[in-house]
Amino acid sequence: MTEKAKNLPKKESESTDVVEKTRSARIYKPNVDIVERDGDIVLTADMPGVDEKSVDINLEKNILSIYGKVDLSTPDDVRLVYSEYGIGDYQRSFTLSGEIDKDKIKATLKNGVLKLILPKAEPLKAKKITVEAGE
Amino acid sequence: MFWMDRFGTLRTGLNPWIDTFYMQDRMDNLLSRFSTAASQGFPSVNVWTNEEKALVTTELPGIEPDAIEISIVGKTLTIRGSRDPEKVEDNVSYHRRERWYGKFTKTLEMPFPVNSAKVDAKFNRGILSIMLPRLEADKPKKISVKVE
């Protein structure tokens, strides 16, 4: 594999929410991959600085929200002399199409990558109506 | 252009630090048009220093720590690594594909020669932190003034 990683600057979240967070941290939009498989939808999000305890996932109606809290403390005996990336929390929401089995959602977080497996709900069995011949 | 001066206050304008690093980046970008081995400026780094050491942090989510290669030659720090794309199975459809993958090489010039034997690298929650102590011989010497 020779493809090179592209330099994608972190995108600050363009939230139009009127409700503000009490924490005055910058909020970034994590980059995601979303793959739909036969039985489920897999969402992978890059959230460096977040671990399993500092992530909050919510599904309300069809809105899936991800929030990752990042430790904003900085090393105290050194000073920042050069900065290419900003540090802040992560937030992003998606509207899910189709029915998701909310009780079977699985989330894992490893090395700053969140992986969500959203199983699709069992499709309602099609009900066949037989038409009887009239007498 | 914002930078912190030695008293920790936010300043704007030209900063010798930033120029050094930017120059490196520009050089790399220039070189990358001709050579595939040059850096594209990925990943982004933050650099923290005091008189004794430098701390370089970079965000590399989803990488296994042993897939990161760090080397130091004099003042130059090089970070290499790669992240493989997820295996694409049959019968799947991508709704979004925003995450990066591929190989990267990042080269940074430190403000002082580094004691490469004492470099310490940690990887936690997808963030790589490299502590680079200044070479002992390069540290500023305090000269006490005697009263005669």
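At 18% relative accessibility, A:N111 counts as buried, where buried stands for under 20% relative accessible area, exposed for over 50% and partly exposed for what lies in between (1.4 Å probe, protein chains only). The model is a predicted one, in which local features need pLDDT of at least 70, side-chain atom pairs count only at pLDDT 80 or more, and totals for chains, interfaces and linings use all residues. Side-chain values rest on heavy atoms, with hydrogens and water left out, while residues are numbered from 1 along each chain as its sequence is written and chains are lettered from A, ligands numbered from 1, in the order in which they are written.

A:N111 is found in the loop between β9 (106-110) and β10 of chain A; helices (H or I, at least four residues) and strands (E, at least two) are DSSP runs, numbered from the N terminus. Its phi is near 50 degrees, a positive value in a residue other than glycine. Most residues other than glycine have a negative phi. In chain B, B:R125 has a positive phi as well, near 55 degrees. B:R125 lies in the loop between β9 (120-124) and β10 (127-133) of chain B, and at 32% relative accessibility B:R125 counts as partly exposed.

Chain B as a whole holds one helix and ten strands, in the order β-β-α-β-β-β-β-β-β-β-β from the N terminus on. Of the 148 residues in chain B, 39% are buried. Contacts (heavy atoms within 4.5 Å) tell of the fold too: among those in chain B between residues at least 6 apart in sequence, 50% join residues at least 24 apart.

Turning to the interface, 46 residues of chain A are in contact with 56 residues of chain B. The two chains bury about 4800 Å² between them, 51% of it on carbon and sulfur atoms; buried area is the accessible area (1.4 Å probe) lost by two parts on being put together, summed over both. Nine salt bridges are found across the interface of chain A and chain B, each a side-chain nitrogen of Lys or Arg within 4 Å of a carboxyl oxygen of Asp or Glu. The side chains of A:D33 and B:R99 meet in a salt bridge, at 3.5 Å from N to O. On the side of chain A that touches chain B, β3 (32-36), β4 (40-46), β7 (79-83), β8 (89-95) and β10 (113-119) of chain A each supply at least two residues.
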